[in-house]
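Here are my notes for a colleague who is meeting this structure for the first time. Please read the points below alongside the sequence and the coordinates.

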Amino acid sequence: MVTPDPAAPAPAAPAPAATDSAAPVPAPAPAGPAADPAGAAAALRASVDAGLAPEAGEWLAAALADAAAGTPGPSAGLLAWEAHFAAARRRCGAGAADAVRVLILHAARADEQVATRVYDRGDAAERRAVLRALPYLALGPGAVPLVEDALRTNDTRLVAAALGPYAAAHLGDHAWRQAVLKCLFTGVPADEIAGLADRAAGDGELARMLADYARERTAAGRAVPADLDRILSLTRKEV
Amino acid sequence: MRIFDPHIHMTSRTTDDYAAMYDAGVRALVEPSFWLGQPRTSPESFYDYFDSLLGWEPFRAAQYGIAHHCTLALNPKEANDPRLLPVLQELPRYLLKDHVVAVGEIGYDSMTPEEDHALAAQLELAADHGLPAMVHTPHRDKAAGLARTLDVVRESRLAPGRVILDHLNETTVAAALESGCWAAFSIYPDTKMDEDRMVRILREYGTERMLVNSAADWGRSDPLKTRRTADAMLAAGFTDADVDKVLWQNPVEFYGQSGRLELEPEKPEAGGATYEGNSILRGGS
């Protein structure tokens, strides 16, 4: 248990995003998990295992076995793996929690319905993990409402997680452009947006929205977000 | 001075309050789930509220350097509406979440059979989940309400050291402490308890198992009453160590029994650096 330093200065202003600290994990294959969900999950498991204490590693192995077997849980209407999913951060630490939760959903072979249930009854960190799991679950467009729900929040952790490879593949043009603009508004770095260069290329409507936004900021005497020019230049590339 | 407010309804407060609380020394808090002033009419309203206590509110608190925790329950007042009872079936799923540090607020409002049932059932849920319980004592007929509350606590599987009895005053403090439960006091601008009365109670009963909160909500209340009480304690001759015990160590010890207390708020950093480490989860690009 760490106690904050009472003498520490107050944060100057609301910062744009708050996240759990995350342990480094290896770089993904360029095509992302969706190209090979099983292989990506195996690679993720290996990298997570490498960083876990033995006790946490054993817990994870048992949790994944429960998920694969559909073991009944501690109370009515709750499977064992759903309880493990909730406890992942306490068992494996903040840095590994997202990845552990992705592995649990993958082992449970969560379909769109299950992913939706876990998301709906999840706290913010669990919802973020469901969003991050989407490309690992080989889902069709049925999980798009989860992405849309996260994009309606003002929680930058959820907005960022929503814009992974699943959104790049399945989110409609209008919603995707609005999401890009929302990232600029809320301070989510453009690097968080999966497939940004591919989707932005040749998108004249996005270019117009960005230019209008830059004009509005300039008229108000406010700085234009640094990422705006970068995204604008991406729209000028040929498809 | 570091302050832990063990009972405050931040959902009803503004970001100005968060900033003022930080300036006054508040670094951690517990937000118990309760009534919102307007009665709810469906269980789903509760789930949205729980989501808020588990998502948006901790996010907001972190922006201001304050660690946010919550307690979840079907509150006593709304336990009387049969439409809302499904919340009791859904609670186990929520009690598993990080940052849920107790079952609460439970207890009595009007002392009905429905409230008997909800209180007993939720004390059992707390025992099942290894969580302490935060028990509200009724504003009307308080002494009789406390006696009945203590009967139900004694019949439960929960040890008294894992129970807070809240909203106490001069007439109920002795019985509460004698039971072995923790004694909590809500310091309000002009009802319940004020800081000078609180100082007198601390003089008489000591600082052991004593908690002070603002219980600030949507009514007339003051989120800085914890600090005001600390200042009143110092003015009355209590030491810095006494103040730290009542306003920091005691709530940390009580809610620490959940094993889920994290006194370092999530770091309000820009997403980039922190998310990069997790880039495998996003699949690149």
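1. Is B:D151 buried or exposed? B:D151 is exposed, with 11 other C-beta atoms within 10 Å; on this scale a residue is buried if 20 or more other C-beta atoms lie within 10 Å of its own, exposed if 12 or fewer, and partly exposed in between, the C-beta atoms being placed from the backbone. B:D151 belongs to helix α6 (residues 142–155) of chain B, and its C-alpha atom is separated by 24 Å from that of B:Q89, 62 residues apart along the chain.

2. A word on conventions. This is a predicted model, in which local features need pLDDT of at least 70 and side-chain atom pairs count only at pLDDT 80 or more, while totals for chains, interfaces and linings use all residues. Residues are numbered from 1 along each chain as its sequence is written, and chains are lettered from A and ligands numbered from 1 in the order in which they are written.

3. Chain A as a whole. The secondary structure of chain A consists of 13 helices and zero strands, where helices (H or I, at least four residues) and strands (E, at least two) are DSSP runs numbered from the N terminus. Of its 239 residues, 44% count as buried. Among the contacts in chain A with a separation of 6 or more, 69% come from residues 24 or more positions apart, a contact being a pair whose C-beta atoms, placed from the backbone, lie within 7 Å.

4. Helices α3 and α4 of chain A. The axes of α3(A) (residues 80–92) and α4(A) (residues 94–107) come within 7 Å and cross at roughly 160 degrees; axes are lines fitted to C-alpha atoms, for helices over the stretch in contact, and angles run from 0 to 180 degrees between N-to-C directions. The two helices are therefore roughly antiparallel to each other, a label given to angles over 145 degrees. Residues including A:F85 and A:A88 in α3(A) meet residues including A:V100 and A:I104 in α4(A). By class, this contact of α3(A) with α4(A) has nine nonpolar, one polar and two charged residues; Ala, Val, Leu, Ile, Met, Phe, Trp, Tyr, Cys and Pro count as nonpolar, Asp, Glu, Lys and Arg as charged, and the others, Gly among them, as polar.

5. A:F85 within that contact. A:F85 is found in helix α3 of chain A and counts as buried because it has 24 C-beta neighbours inside 10 Å. Leaving aside residues up to four places away in sequence, A:F85 touches A:R101, A:I104, A:V118 and A:E126. A:F85 and A:V118 are 33 residues apart in sequence, yet their C-alpha atoms are 9.0 Å apart in space.

6. Helices α12 and α13 of chain A. Here α12(A) (residues 204–219) and α13(A) (residues 226–235) pack at an angle of about 155 degrees, with their axes 9 Å apart. That makes α12(A) roughly antiparallel to α13(A). The contact is made by A:L206, A:A207, A:L210, A:Y213 and A:A214 of α12(A) and by A:L228, A:I231, A:L232 and A:T235 of α13(A). By class, the contact of α12(A) with α13(A) has eight nonpolar, one polar and no charged residues.

7. The sheet of chain B. Eight strands form an open sheet in the order β1-β2-β3-β4-β5-β6-β7-β8, with parallel pairing; two strands pair if DSSP finds at least two bridges between them. At the edges stand β1 (3–5) and β8 (210–213) of chain B, each with a single partner strand, so one side of each is left without a neighbour in the sheet. The twist averages 25 degrees from one strand to the next.

8. Strands β4 and β5 of chain B. Four bridges join β4(B) (residues 100–107) to β5(B), and the two run parallel. In β5(B), B:A133 is the bridge partner of B:V103, while B:M134 stands opposite B:G104. From β5(B), B:A133 and B:V135 point one way and B:M134 and B:H136 the other way, and all are buried.

9. Backbone points to check. Most residues other than glycine have a negative phi, and most peptide bonds are trans. A cis peptide bond joins B:G104 and B:E105, with omega about -15 degrees, and B:E105 lies in strand β4 of chain B. A:A138 has a positive phi of about 50 degrees although it is not a glycine, and is placed in the loop between α6 (124–133) and α7 (144–152) of chain A.

Note on methods
Angles under 35 degrees count as roughly parallel, over 145 as roughly antiparallel, 65 to 115 as roughly perpendicular and the rest as oblique. Two residues are in contact if their C-beta atoms, placed from the backbone, lie within 7 Å.
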